[in-house]
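Hi there,

Here is the structure I promised to pass on.

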Amino acid sequence: MSDDATGSVSAERGLHGSDQSVASFDEDRGSALKSVQRFLHEYPTAIPFIVLVIGVLIFSVAAGGRFFAPFNLSLVLQQVTIIAFLGIAQTLVILTAGIDLSVGAIMVLSSIVMGRLTVTYGVPVELSFVLGLLTGLVCGLINGVLVAVIKLPPFIVTLGSWSVYGAMVIYVSHSETVRAQDIEAAGPLLQWLGHTIRLGGGAVLTYGAIAMILTALIIWYVLNRTAFGRHVYATGDDDEAARLAGINTRGVFIAVYTLAGFICAIAAWALIGRIGAASPLGNQTANLDAITAVVIGGTSLFGGRGSIVGTLFGALIVGVFRNGLALAGVDSLWQEFTVGILIILAVTIDQWIRKISA
Amino acid sequence: MGKWTILKAAVAGLAFYGAMATASHAADIVGLITKTEGNPFFVKMREGAQAKAQELGLTLQTFAGKFDGDNDSQVAAIENLISAGAKGFAIVPSDSSAIVPTIKKARDAGLLVIVLDTPLDPIDAADATFATDNFKAGELIGQWAKGTLGDKASSAKIAFLDLATNQPTVDYLRDQGFMKGFGIDVKDPKKYGDEDDARICGHEMTGGAEDGGRTAMETLLQKCPDVSVMYTINEPAAAGGYQALKAAGKDDGSVLVVSIDGGCPGVKNVAAGVIGATSQQYPLKMAAMAMEAIEKFAKTGEKPKPTPGKEFFDTGATLITDKPVNGVESIDSKKGAELCWG
């Protein structure tokens, strides 16, 4: 605007003596806030990180030494492992401006396939393990094809496949749990991720948690250091523009949903490690918990912006608040309440940061 | 996709649904309406009803809500049964008050209505109620835990692995029943969490599943490392909680585990020493008895009667344990395995 004003000298002359500051920005007021906004825009992962640190500090005081003990902190990591796995899968999908409501159902289905084939049908555990991984992959592939080729909205596709995969869980499992002891006898490989490593100070790491962090690292590398990763971000930002720029967006969608399904199957392996059994019950809200982790982790539901590291922080924040509130003796109803507030706060901050680019 | 592919897909689809549909003939129609498809408790109930209906030569139509609390689907199911000319039906109500007007409509149309598991409000809105006494089931395991601990009961530390934050009927009945059996002052018997007994470590929610059970018990172990009793809302939650005990090196029998349900995996866990005692319930029996009652009603017009002294017909709860305690009646896990339901 100021360029225009200096350009039209004759018009300016007529306004001589009037207030000339119309087009200038107020540099003083809120500049601190502005620079925070700019900083967060550049480093979106900073918010969940700060919230996580604040959460840990609060509960170290409120819940006493029980919370800030190496064992308890490692316990929180164990408790969020499954949701973090699903969150990694969910992040991939949400980065393409999609959503996957079926992640929890895919995980449970894969775990049932692994457990039931091994124990009930006596299939060699290595084979049923691979078939379980394939189950997740195929479930994801179906989602991807419906989204990319039939061009249905991801919400609708995965709302439907959530039901379909959920029904398959009941069909395959006969609504029966495969017991931990039976899996231990027939296929200890399935419980392998439940093994632990003891660190100093009483901290305990499960193989599952390590596998989750490794998965996060790999996906982080793929997203940030490979052409495919940049294509995922570009497709999520504006798929039409990405397509015109020569990106095979259809391939990106299919790959992302398939990869998400495969990660869910690895989560299934970790789930058997954690609960020992392969159970059709539970994890009813795992899909929503995964979305919660992604959103609190600062990934935008509108696609194209966000990170795997943020999702890990998001999952940890939920875990820290739940564990800390419980140890502080707070009723479970207020744990739910707090998680809800965290979601709304996270999205509010996301909207605020987005304004800088608007 | 070519025309042929579409046609083939359509034919295959029709064949699929044809195979799914049950063959219908001119036999008497009876209905079974459960809360959801997914819960094994209801799946077993449906299996029990199906087997019995087949045996009696009845045509069974089954319905289920989409989620626990889905009243609308159950209303639609009852309307369908009335217009199909059913002789009667058994229902596990999702909303025990909201369904009452629709049930009245069915009874006015001459159908026999038997409510299973969860009584209506008021309970006499149905022709009969077949249910398990969940409070009694809790009381049995409470008495067993108290008897097993003996003198140590007064210094016990109890972790409660409950169902859900909103404390549905079955949740508080089992929890409070356990407390009464164990000798804890329950205060308001319609909710837990208001007690001030120092032996209570805390209440955490499990969703009645393994994953919730493990997380809940991990948290409670952090709160009270000296836990000596683990109460669980059901056997999947117990199996999950046991994994937490195992990870903490407390699977050596130092923590008593009690549960309720009597499902086959749960009874196996009693035999394996994972669960100390469980109260067994009988969903299969509940549904099978309902089918028999409707058949009898269709033939003779006679309605089933409640258990003397109760407002409902008690289908019973039996304590299963391999370490019986004096004064608490029980059967062993071998006998329990013959009676288990899923």
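Leaving out residues up to four places away in sequence, Ile114(B) touches Gly88(B), Ala90(B), Ala126(B), Asp127(B), Ala128(B), Phe130(B), Ala290(B), Ala293(B) and Ile294(B); a contact here is C-beta atoms, placed from the backbone, within 7 Å. This is a predicted model, where local features need pLDDT of at least 70 and side-chain atom pairs count only at pLDDT 80 or more, while totals for chains, interfaces and linings use all residues. Residues are numbered from 1 along each chain as its sequence is written, with chains lettered from A and ligands numbered from 1 in the order in which they are written.

Ile114(B), Leu116(B) and Ala290(B) have the most contacts inside the largest nonpolar core, which has 197 residues. Such a core is a set of buried Ala, Val, Leu, Ile, Met, Phe, Trp, Tyr and Cys residues joined through C-beta atoms within 7 Å, and buried means 20 or more other C-beta atoms within 10 Å of the residue's own. At least three residues of this core come from each of domain 1 (22–132 + 283–305) and domain 2 (134–280 + 317–339) of chain B, with bounds from an automatic or database domain assignment. A second, separate core of five residues includes Val170(B), Tyr172(B), Leu173(B) and Tyr192(B).

How far apart are the centres of the two domains of chain B? Taken over C-alpha atoms, 31 Å separate them.

Lastly, the contact between the chains takes 27 residues from chain A and 29 residues from chain B.

Best wishes

Note on methods
Contact = placed C-beta atoms within 7 Å. Buried ≥ 20, exposed ≤ 12 C-beta atoms within 10 Å, placed from the backbone.
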